[in-house]
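Here's a quick walk through a model, written for someone who likes cut-offs spelled out. Have a look at the sequence and the coordinates before reading on.

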Amino acid sequence: MSTTLDETRLLAMPEEDYMNQQQRAFFEAYLQRLRNETRLRLAEARAGIEGRRCWGDAMDRAVAEGNQTFLLRQAERDTERLGRIDAALERLRHDEYGYCLESGEAIGLERLLLDPAAKYTRAVQSRHERTRH
């Protein structure tokens with residue numbers, strides 16, 4: 001029988017086991033995997049941005065500019081995502097991962113599986129989003 005913690009076993013753990021050593025190890029591996037995937041995608045986007053030169057007609061240049069814009073947006077999103085992932089890994093190292101930075105409450109395993117870099121509970125995040133608009 002495998003002792004590796006997967007999502008099913010993670011979610012089946014009792015509430016009092018929240019952010020125990022196994023769960024922390026699971027999320028550290030998960031965040032590292034996301035970090036590596038994001039870094040690869042960012043490198044590909046940057047290579048595409050740097051390697052794209054179009055000297056064709058106006059239609060070719062318009063298509064190339066559209067592709068450049070897409071790659072730039074992707075690179076911006078991935079750069080921001082890397083920052084969020086790195087911050088989550090730092091919180092993990094300081095035993096702060098999985099807890100809301102504002103309320104101190106548990107963020108919850110389901111939310112962390114959907115957004116492993118989450119800093120706030122859903123309620124606090126919703127309040128932040130309402131005050132920004």
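What follows covers confidence, overall shape, the nonpolar cores, the aromatic rings and one loop tyrosine.

## Ground rules and confidence

This is a predicted model, so local features need pLDDT of at least 70 and side-chain atom pairs count only at pLDDT 80 or more, while totals for chains, interfaces and linings use all residues. Residues are numbered from 1 along each chain as its sequence is written, and side-chain values use heavy atoms, with hydrogens and water left out.

The pLDDT (the predictor's confidence in each residue, from 0 to 100) averages 90 over the protein chain, and 93% of the residues score at least 70.

## Overall shape

The protein chain comes to five helices and zero strands. Both kinds of element are DSSP runs numbered from the N terminus: helices are H or I with at least four residues, strands E with at least two. The radius of gyration is 19 Å, well over the 14 Å that the globule rule gives for 133 residues, so the chain is more spread out than a compact globule. That radius is taken over C-alpha atoms, and the rule is 2.2 Å times the number of residues to the power 0.38. Along its principal axes, the C-alpha trace spans about 65 × 45 × 25 Å.

Of the 133 residues, 34% count as buried; buried means under 20% relative accessible area, exposed over 50%, and partly exposed in between (1.4 Å probe, protein chains only). As for contacts (heavy atoms within 4.5 Å), residues 24 or more positions apart account for 53% of those with a separation of 6 or more.

## Two nonpolar cores

A nonpolar core here is a set of buried Ala, Val, Leu, Ile, Met, Phe, Trp, Tyr and Cys residues joined through side-chain atoms within 4.5 Å. The largest one has 21 residues, and Leu10, Met19, Phe26, Phe27, Tyr97 and Leu112 have the most contacts inside it. Helix 2 (21–51), helix 3 (58–93) and helix 4 (109–114) each give two or more residues to this core, with helix 2 supplying the largest share, five residues. A second, separate core of six residues includes Leu42, Ile49, Ala75 and Leu82.

## The aromatic cluster

The structure holds five aromatic pairs. Rings of Phe, Tyr and Trp (its six-membered ring) pair if their centres lie within 6.5 Å; planes under 30 degrees apart count as stacked, over 60 as edge-to-face and the rest as tilted. Phe26 and Phe27 are edge-to-face, at 5.1 Å centre to centre and 90 degrees between the planes. Phe26 is buried at 13% relative accessible area, and Phe27 is buried at 0%.

Phe27 and Tyr97 make a tilted pair, 5.6 Å centre to centre with 50 degrees between the planes. Phe27 lies in helix 2 and Tyr97 in the loop between helix 3 and helix 4, so this pair ties together parts that are 70 residues apart in sequence. Tyr97 is buried too, at 1%. Ring pairs link Phe26, Phe27, Tyr30 and Tyr97 into a cluster.

## Tyr99 in the loop

Tyr99 sits in the loop between helix 3 and helix 4. Is Tyr99 buried or partly exposed? At 30% relative accessibility, Tyr99 counts as partly exposed. Beyond its neighbours within four places in sequence, Tyr99 has contacts that include Tyr18, Met19, Ile107 and Lys119. Tyr99 and Lys119 are 20 residues apart in sequence and 7.2 Å apart in space, C-alpha to C-alpha.
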